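Dear colleague,

Please read them with the coordinates open beside you.

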Amino acid sequence: METVEMAKSCKGLAEELVKCLSESMCVKDEKRSIRDCAGEKSPCIPSECVGLRETYFNCKRGQVDMRARIRGNKGY
């Protein structure tokens with residue numbers, strides 16, 4: 001099975017997002033997966049996790065945008 005490497009500019013954001021979500025009530029109390037909690041807008045997800053999620057998605061979007069690829073991805 002082939003593993004896909006994440007770009008270095010977004011890797012730190014992804015790790016912080018996973019850490020933040022794993023400590024949220026959505027994962028701890030409701031026993032849901034991190035992927036389920038990351039994809040929804042639930043009141044049990046802290047605002048800092050929501051901010052990290054938006055920043056991570058913008059980072060990933062910047063990797064696809066040709067203008068950002070030429071200039072370099074803003075971020076981490």
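**Aromatic pair and salt bridge**

Phe57 is partly exposed, with a relative accessible area of 39%, where buried means under 20%, exposed over 50% and partly exposed in between (1.4 Å probe, protein chains only). This is a predicted model, in which local features need pLDDT of at least 70 and side-chain atom pairs count only at pLDDT 80 or more, while totals for chains, interfaces and linings use all residues. Residues are numbered from 1 along each chain as its sequence is written, and side-chain values use heavy atoms, with hydrogens and water left out.

The structure holds 1 aromatic pair (rings of Phe, Tyr and Trp, the last by its six-membered ring, with centres within 6.5 Å; planes under 30 degrees apart are stacked, over 60 edge-to-face and the rest tilted). Phe57 forms this pair with Tyr56 in a tilted arrangement, at 6.1 Å centre to centre and 45° between the planes, and Tyr56 counts as buried at 15% relative accessibility.

There is also 1 salt bridge (a side-chain nitrogen of Lys or Arg within 4 Å of a carboxyl oxygen of Asp or Glu), which joins the side chains of Arg32 and Glu30 at 3.5 Å, N to O. Arg32 is partly exposed at 27% relative accessible area, and Glu30 is likewise partly exposed, at 41%.

As to confidence, the mean pLDDT (the predictor's confidence in each residue, from 0 to 100) of the protein is 80, and 78% of its residues reach 70 or more.

Best regards
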